[in-house]
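Have the structure open while you read.

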Amino acid sequence: MQGPDIAWYLAVAAFLFATGALGVLLRRSPLIVLLSLEIMLNGGNLALIAFSRLHGESSGQIFALAVMAVAAAEVVVGLGLIVAIAQRKLDLDVDKLSFLRG
Amino acid sequence: MIIAAWICLVTPLAAALLLTLLGNSASRRAAGYIATTAVFGSFIAAVVVFAKLWSEAPADRSHASTAWEWLTAGSFHVGLRILVDPLSVFMMLVVSGIGFLIVAYSIGYMDGENEERRYFAYMALFVFSMLLLVQAGNLVILLAGWGLVGLSSYLLIGFWHDRPPAVAAAKKAFIMNAIGDATMALAFFLLIQDGQSLNFPDMFAVGPGHGWLVNLVALGLLGGAVAKSAQIPLQTWLPDAMEGPTPVSALIHAATMVTAGVYLIVRTHAVFEQAPRVLELAAGLGAATLLMAALIALVQTDIKKVIAYSTMSQIGYMFVAAGLGAYGNAMFHLMTHAFFKALLFLAAGLVIHALAGEQDIRKMGGVGRVMPFTRTAFLIGSLALVGVPPFAGFFSKDEIIAAALSRGWYGDILFAVALIGAFLTGVYAFRLYLIVFPGKPSPFVEEHVHEHSHEGPFSMTSTVAVLTVLSVIGGLIQFEPLWGPVSSWLDPVAPPLAVPSSTQDALASLFAVLLGLAGIGVAWMIYGAKRWHVPTLAFSRRLLEHKFYFDEAYNFAFYRPAVALAKGLDRWFEKPVIGGSIKEIASGFREAGLDTSRIQTGLVRTYALVIAASLAVITIVFVAVR
Amino acid sequence: MGNVVVWIVWIVAAFSCLASGVAVISFTNPFFSALALIGNLASLAVLYLLLSAEFVAAGQVLVYAGAVMVMFLFVTAYLGGRADAPWAGGPTWQQFGAVLAAGAILVEVIVVIGLKAGGRLSHEAKIDSGFGSPRRIGEVFLTDHLLAFEITSIVLLVAAVGAVILGAHSRRRPDTIGEQIHEGEVHARP
């Protein structure tokens, strides 16, 4: 294969994952949190595709497609929740939305 | 015949179960009829068994039947076993016959009671229990019947359970009976340990080296008998048991249950005969009770309590007889006593029923004017009780007194006591009759009863009439030494130790009748003609009114310490240690739960952080392990 | 020569991937964050192409960047793009912990890649020209991984239903919890 080894792709994937995790943990707006979640998912996808290329198996790509579909579904529902929250005139702040507490 | 015996036993139980299951769907009257029919059926079955048994030769008259083996432990076998022999058939007839009459009487007496069905169910249960007791083929089944009659007694004494005195009386009866049950059980354990079979009639042949064992066993059995028959020292429950309905007092506490103790001694006479001191003790207790009860009856003001103490006294006679070995006489007196005591109670019931529940004789007077039938019945019952010929009591009581005469110096003491008892019986019995019945009706009586009103429903008057007839002729069945079918019937089962000679018989009868009549005369002088006054001996009056202070003594010796112990335990152990630890555990859990719930902050970012951190840790773990 | 080109393309794509990723989590304005994510997705598509996953790359651009992100942008526009400071709010220990955790994960993965799997990651399998093509993907989807295919469709259906329900409710009862909080009846605990 031309270009860098698979290891480099994996490193990029790890970075993406960590970046996404940081975003999820540090940001307060649920929209941004969702976006960060997307980054994490993409990081995972990249790793999947890289491994698929490494082993010559199409299964990794299949899995990546499935992940994409699930990510889409999740974004749909998440955005629906956010819109519903906004409709009820609540602050879009993850820290303030803490009603499910013990 | 065995089948008839089983039918006799099971029919009342079936009635009790049926009444329980029917509950409120049976009418109250129907409940009464069901119970009465069942007991009548039982009586018929008993008659059938009797006829069959009579047709056999005396030596063959013993049949046992085991329904199933109940308990097997090594060489120890106990089965649900009934025994048909002259003694048990005798008791079956008495129990089912008198039971039938009294249950029929209850139809009228308990008419209109709210919980009438429960009453009849309990009565049927009682008849079954008593039959189980007398038909028992081994000591264990007898103990089962023993316990069941105790239970029925408790249920029926406390029948009006919203009355605290009734409930207290029921508890007292049950607890005192339980003491007797315990001694009996201990006796059984000793027997089992010795390897004896508990079956009748393979009886208790304990070897000569076992003197202490057989004495202990006999004492245990005597304890049970004393408790059930309300003799000293376990007699205090019987007067209180009058809280129950009058038919209950008649059936359970006069005719049948309280005589179970006598039956027990006669049935297990083989054991007692090997422990002659215990037999003498039994006779002594009987004599003491006889005297004490008669004295107390002189000052009682409740009509039922007088009759109750009379019962206690008469059972004392039976204990004297059994203790002397005159088993046939004891059973014969049991039978005649059942007749006239039931009669007295039921006649008293007629009076109580007519006077709307009043039992205080000081308010009654001249009842005879407005209730002539009842007056006649009561008079005949009293005469039978005192032992005036030709009424029933004469034949049976005098035999006992004669038997006492035939047994040496100890017997002579008992003879004297029995004669004094006969005198006192005359006094208290006719004191009761003369206060209540003759003369002008008291204001209270006039308020409640009108002349020529009918004295009670047919069910009540007819049964009282039957008992009256029995009290008149019932004794004629045996007149020693001229003819003695009862004794010859029972002798094969329980051969008597005391057979008085004809002179002794005649002497005894003479003295007994004379003293009885003297007692009646004294009562007449004081209460009838009102020429003498009741002697005012303050101390003895107080003694008698407090029933010789037995209740107070038991309260002090047993009840107070028990209550103190219970209170102490509650205060020092139950509340702090047990209650406290439970509370601690409960609050500890609550605290833990509250603390744990603080983890749920509701903040998403915190949760996510925890997940991320866990992920980091787990990754390290996986990598390291790999 | 081809290798150099590939390397250069890779460096550019990787760099823009990482940069846009950082940008997503750094921007205050969610609109800009969403745009940065689109950039991220596009660079990822390039990386996929370098890994011979053409169909996935096309799907990424069409579905992810084309549909999902557009929806994101719509919602962001509808919500008005409220500003929010990136590092504000929450206890400091949380931020510190977040950085630590994310950093730990990153370091661990790099270490694993570096140390453990170093040897094995160099020998890529030989692939034919049909690898990653729609035909190949289609074949595998409908034979070996049919179950995944079907389940994915169910997941999408559920999401659609959920979205409709969430949308419907929001129109029917507008001011409930929100009003109550504003009027001070229900308190939100920080």
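## A pair within one helix

In which helix do R277(B) and E280(B) both lie, and how many residues apart are they? The two sit in helix α12 (residues 276-297) of chain B, three residues apart, about one turn of the helix. Helices here are DSSP runs of H or I with at least four residues, strands are E runs of at least two, and both are numbered from the N terminus. The side chains of R277(B) and E280(B) meet in a salt bridge, 3.1 Å from N to O. That term stands for a side-chain nitrogen of Lys or Arg within 4 Å of a carboxyl oxygen of Asp or Glu.

With 57% relative accessibility, R277(B) counts as exposed, while E280(B), at 31%, counts as partly exposed. The cut-offs are under 20% relative accessible area for buried, over 50% for exposed and in between for partly exposed, using a 1.4 Å probe and protein chains only.

## What sort of model this is

This is a predicted model: local features need pLDDT of at least 70 and side-chain atom pairs count only at pLDDT 80 or more, while totals for chains, interfaces and linings use all residues. Residues are numbered from 1 along each chain as its sequence is written, chains are lettered from A and ligands numbered from 1 in the order in which they are written, and side-chain values use heavy atoms, with hydrogens and water left out.

## Other salt bridges

Over all chains, the structure holds 14 salt bridges. One of them brings together the side chains of D95(A) and R605(B), at 2.8 Å from N to O. D95(A) is in the segment after α3 of chain A and R605(B) is in helix α25 (residues 604-625) of chain B, so this pair joins two chains. Both D95(A) and R605(B) are buried.

Within chain B, the side chains of K172(B) and D240(B) form another salt bridge, 3.0 Å from N to O. K172(B) belongs to helix α6 (residues 164-193) and D240(B) to helix α8, so the pair ties together parts that are 68 residues apart in sequence. D240(B) counts as partly exposed, at 22% relative accessibility.

## Where chains A and C meet

On the chain A side, 79 residues are in contact (heavy atoms within 4.5 Å) with 90 residues of chain C. The two chains bury about 7,600 Å² between them, and carbon and sulfur atoms give 74% of that. Buried area is the accessible area (1.4 Å probe) that two parts lose on being put together, summed over both. In chain A, R27(A), R53(A) and R88(A) lose the most area to chain C, together 9% of what that side buries. Even so, the count of salt bridges between chain A and chain C is zero.

Three helices of chain A give two or more residues each to this side: α1 (6-26), α2 (30-55) and α3 (59-87). The largest share, 23 residues, comes from α3(A).

A50(A), found in helix α2 of chain A, is buried at 0% relative accessibility. Leaving aside neighbours within four places in sequence, A50(A) is in contact with I6(A), Y9(A), L10(A) and L51(C). A50(A) and I6(A) are 44 residues apart along the chain, yet their C-alpha atoms are separated by 6.2 Å.

## A covered helix in chain B

Helix α9 (residues 246-255) of chain B is mostly covered, with ten of its ten residues buried. The cover over those residues includes α3 (86-109), α4 (116-135), α5 (139-157), α8 (237-240), α13 (303-324) and α14 (327-354) of chain B.
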